[in-house]
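Subject: Structure handed over, with notes

Hello,

Here is the structure for you to look through. My notes on what was found follow below.

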Amino acid sequence: MVDNVFKKKLASIKNEHVSVLDSYKVSPFKETHSDTACIVRIIEIYSLNKLRAKGEKLYSLTGLTVPDTEAVANEINLLLSRYAQLCRREEEELSFRQHEVTNAEAVWKSASSKTSASSIAEAKTKKPGRVERADAERRYQLAASRLSEQQCRLSTIRLLPGLLADEADYIGKGIDKRLLNIFPHSVQISAEFVSVFHDVGIVRDVNFIIEALKFLSEAVSSIINCCSVPTDRYELNNGGMVRTMAYREYYRADNTVLRTVVSDRDYIEHVMKCNRVTEYKNKLFS
């Protein structure tokens with residue numbers, strides 16, 4: 001038992017890709033967690049769901065496993081419910097901005113009826129009526145700009161829960177489809193998503209999980225590429241198959257000790273060097 005724990009701790013010392021796989025831990029969402037945790041968990045579930053196919057490929061080649069979402073129906077429903085609350089607060093902000101525009105427009109129209117000034121530029125005459133009209137117009141334009149910004153913000157924020165649709169289908173029973181369907185279906189994280197948040201803490205945490213999941217995906221892809229038989233004939237004729245088999249041996253799930261003492265590059269170089277000696281001797285004695 002102690003030996004197994006020791007191996008697990010040392011398994012990734014000489015290989016960053018396996019280190020990323022070993023170190024990534026899933027964090028299920030609970031009702032006591034924050035809105036930020038809700039956002040981060042949705043991104044995590046979406047990303048790990050997308051990684052499942054690669055995970056199956058990785059397992060078939062090496063026996064290594066990719067962290068699963070570990071999501072269940074109750075957690076999905078809890079995430080959707082919490083996110084709906086977050087959206088309602090944004091909708092309240094939108095209503096406030098709409099009311100602000102309505103009031104500013106009324107003031108602008110009232111000021112316009114008192115003067116024949118046709119533009120902000122005419123306020124330079126310093127006539128009280130024209131100054132009042134120009135000020136009212138500026139206030140209206142600012143209010144309209146804030147309204148437009150909030151509309152875009154709400155539209156972008158509402159896209160995130162739609163990322164859970166594939167995981168909901170994967171889980172099947174128990175998902176509150178009515179709640180899920182109030183959000184637009186999404187296939188990827190919006191490029192503008194992070195930028196709509198003004199809270200530096202949320203921006204930091206969202207960027208952190210996106211980066212961590214990117215590293216995880218890249219690690220999986222890199223191992224799969226190394227352990228896949230090359231399709232290029234030149235590569236195959238120049239030790240491609242031997243190299244691939246060596247990588248599979250190195251990345252084999254139970255080969256933890258090997259990965260504590262040597263990097264994949266050094267191991268492959270050693271195998272290829274030994275193979276060249278064997279091939280040369282075979283030619284000599286053939």
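About 30 Å³ of space lies in the largest cavity. A cavity is, on a 1 Å grid over the protein atoms alone, a set of points where a 1.4 Å probe fits but cannot get out; grid points are joined across faces, edges and corners, and a volume is the space filled by probe spheres set on the points. The structure holds one cavity of 30 Å³ or more.

This is a predicted model, where local features need pLDDT of at least 70 and side-chain atom pairs count only at pLDDT 80 or more, while totals for chains, interfaces and linings use all residues. Residues are numbered from 1 along each chain as its sequence is written, and side-chain values use heavy atoms, with hydrogens and water left out.

Thr156, Leu159, Leu160, Leu163, Ser186, Gln188, Ile189, Ser190 and Phe193 line the largest cavity (lining residues have an atom within 4 Å of a point). By class, this lining has five nonpolar, four polar and no charged residues (Ala, Val, Leu, Ile, Met, Phe, Trp, Tyr, Cys and Pro count as nonpolar, Asp, Glu, Lys and Arg as charged, and the others, Gly among them, as polar).

The second largest pocket holds about 220 Å³ of space (a pocket is an open set with protein on both sides within 12 Å along at least five of seven lines). Its lining includes Gln188 and Ile189, along with Ile43, Ser47, Ile210 and Leu213. The elements that give two or more residues to this lining are α3 and α9 (helices are DSSP runs of H or I, at least four residues, numbered from the N terminus).

How do these two helices lie? The axes of α3 (residues 35-50) and α9 (residues 200-227) come within 10 Å and cross at roughly 15° (axes are lines fitted to C-alpha atoms, for helices over the stretch in contact, and angles run from 0 to 180 degrees between N-to-C directions). That makes α3 roughly parallel to α9 (angles under 35 degrees count as roughly parallel, over 145 as roughly antiparallel, 65 to 115 as roughly perpendicular and the rest as oblique). Among the residues in contact are Ile39 and Ile43 of α3, and Ile209 and Leu213 of α9 (contact means heavy atoms within 4.5 Å).

Helix α3 also packs against α5 (residues 73-112), with axes that come within 10 Å and cross at roughly 130°. That makes α3 oblique to α5. Ile39 of α3 is in this contact too, and Leu79 is one of the residues on the α5 side.

Regards
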